[in-house]
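Hi,

Here is the structure I promised to pass on. Have a look at it first, and then read my notes below.

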Amino acid sequence: MVKITNYGHSCFKLETNDLSIIIDPYQKNSVSGLKLPYGIYANYVFVTHDHFDHNASDLIRISQCDSTPKYKEIEIPHDHHNGLRRGMTKAFEITIDGLRIVHMGDIGCIPTNDKVDMFKNCDLLLCPINGHYTISAREMKELVE
């Protein structure tokens with residue numbers, strides 16, 4: 001069984017009995033109205049891109065474990081201009097305890113078909129949307145379909 005904790009923004013923790021992963025921890029004061037709790041432990045930290053509201057791996061206490069997560073990553077533009085304005089971001093497909101979980105990061109456009117095919121039929125899709133720094137709700141619907 002996988003326990004999933006949402007710390008707001010794009011930050012999630014995935015936990016099993018053997019493994020814990022935190023994705024996109026954010027720096028203090030980087031996300032209005034949110035504060036990452038002090039003292040979060042994880043075995044691994046995944047960062048989708050190097051913006052201050054996604055890359056606070058220094059705030060996570062790393063604990064060693066014998067398990068290694070199975071994952072894939074792909075680069076996707078962080079904007080509708082092929083990454084020229086905001087750079088690139090990564091999407092992660094993480095297989096943990098038999099579940100395929102996809103964290104899309106701050107994708108700014110719908111990925112090409114060959115990249116979307118990588119994540120078809122996942123068990124859980126985590127994808128921040130707001131239409132400014134990320135895709136819109138309409139684009140998310142298109143991505144899911």
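F46, Y71 and F92 make up one aromatic cluster. The structure holds three aromatic pairs, where rings of Phe, Tyr and Trp (its six-membered ring) pair if their centres lie within 6.5 Å, and planes under 30 degrees apart count as stacked, over 60 as edge-to-face and the rest as tilted. F46 and F92 form a tilted pair, at 4.9 Å centre to centre and with 55 degrees between the planes. F46 sits in strand β5 (residues 44-46) and F92 in strand β8 (residues 88-96), so this pair ties together parts that are 46 residues apart in sequence. Both F46 and F92 are buried; buried means under 20% relative accessible area, exposed over 50%, and partly exposed in between (1.4 Å probe, protein chains only).

Before going on, please keep in mind that this is a predicted model: local features need pLDDT of at least 70, side-chain atom pairs count only at pLDDT 80 or more, and totals for chains, interfaces and linings use all residues. Residues are numbered from 1 along each chain as its sequence is written, and side-chain values use heavy atoms, with hydrogens and water left out.

Now the overall picture. The protein chain has two helices and 10 strands; helices (H or I, at least four residues) and strands (E, at least two) are DSSP runs, numbered from the N terminus. Starting at the N terminus, the order of elements is β-β-β-β-β-β-β-β-β-α-β-α. Of the 145 residues in the protein chain, 46% count as buried. Take the contacts (heavy atoms within 4.5 Å) between residues at least 6 apart in sequence: 46% of them join residues at least 24 apart. The protein chain exposes about 8200 Å², with carbon and sulfur atoms supplying 48% of it; accessible areas come from the Shrake-Rupley method with a 1.4 Å probe, and for residues, only the protein chains shown count as cover.

Next, the start of the chain. The loop between β1 (3-8) and β2 (11-15) is where you will find S10. S10 counts as buried because its relative accessibility is 0%. The side chains of S10 and D24 are joined by a polar contact of 3.0 Å. A polar contact is a pair of N or O atoms within 3.5 Å; within protein, one must be able to donate a hydrogen and the other to accept it, and residues adjacent in sequence count only if both atoms are side-chain atoms. H9 lies in the loop between β1 and β2, and its phi is near 60 degrees, a positive value in a residue other than glycine. H9 has 35% relative accessibility, so it counts as partly exposed. D97 also has a positive phi, of about 55 degrees, although it is not a glycine; look for D97 in the loop between β8 and β9 (99-103).

Is K13 buried or exposed? K13, in strand β2, is buried, with a relative accessible area of 8%. A polar atom of the K13 side chain lies 2.5 Å from the backbone oxygen of Y41. Leaving out residues up to four places away in sequence, K13 touches several residues, including I4, Y7, I22 and Y41. K13 and A42 are 29 residues apart in sequence, yet 8.1 Å apart in space, C-alpha to C-alpha.

Over in strand β9 there is V102, which counts as buried because its relative accessibility is 0%. Not counting residues up to four places away in sequence, V102 touches F92, E93, F119, C122, L124, L125 and L126. Between V102 and F119 there are 6.9 Å in space, C-alpha to C-alpha, and they are 17 residues apart in sequence.

As for cysteines, C122 counts as partly exposed at 22% relative accessibility, while C127 counts as buried at 16%. With a disulfide taken as a pair of cysteine sulfur atoms within 2.5 Å, the count comes to zero.

Last, helix α2 (residues 137-144). Its buried residues are E139, M140 and L143. They cover an arc of only 105 degrees around the axis, which puts them on the same side of α2; the arc is that of the directions from the helix axis to the C-beta atoms. The buried residues of α2 pack against α1 (113-117) and β10 (124-126). On the face turned away from that buried side, α2 carries the exposed residues A137, R138, K141 and V144.

Cheers
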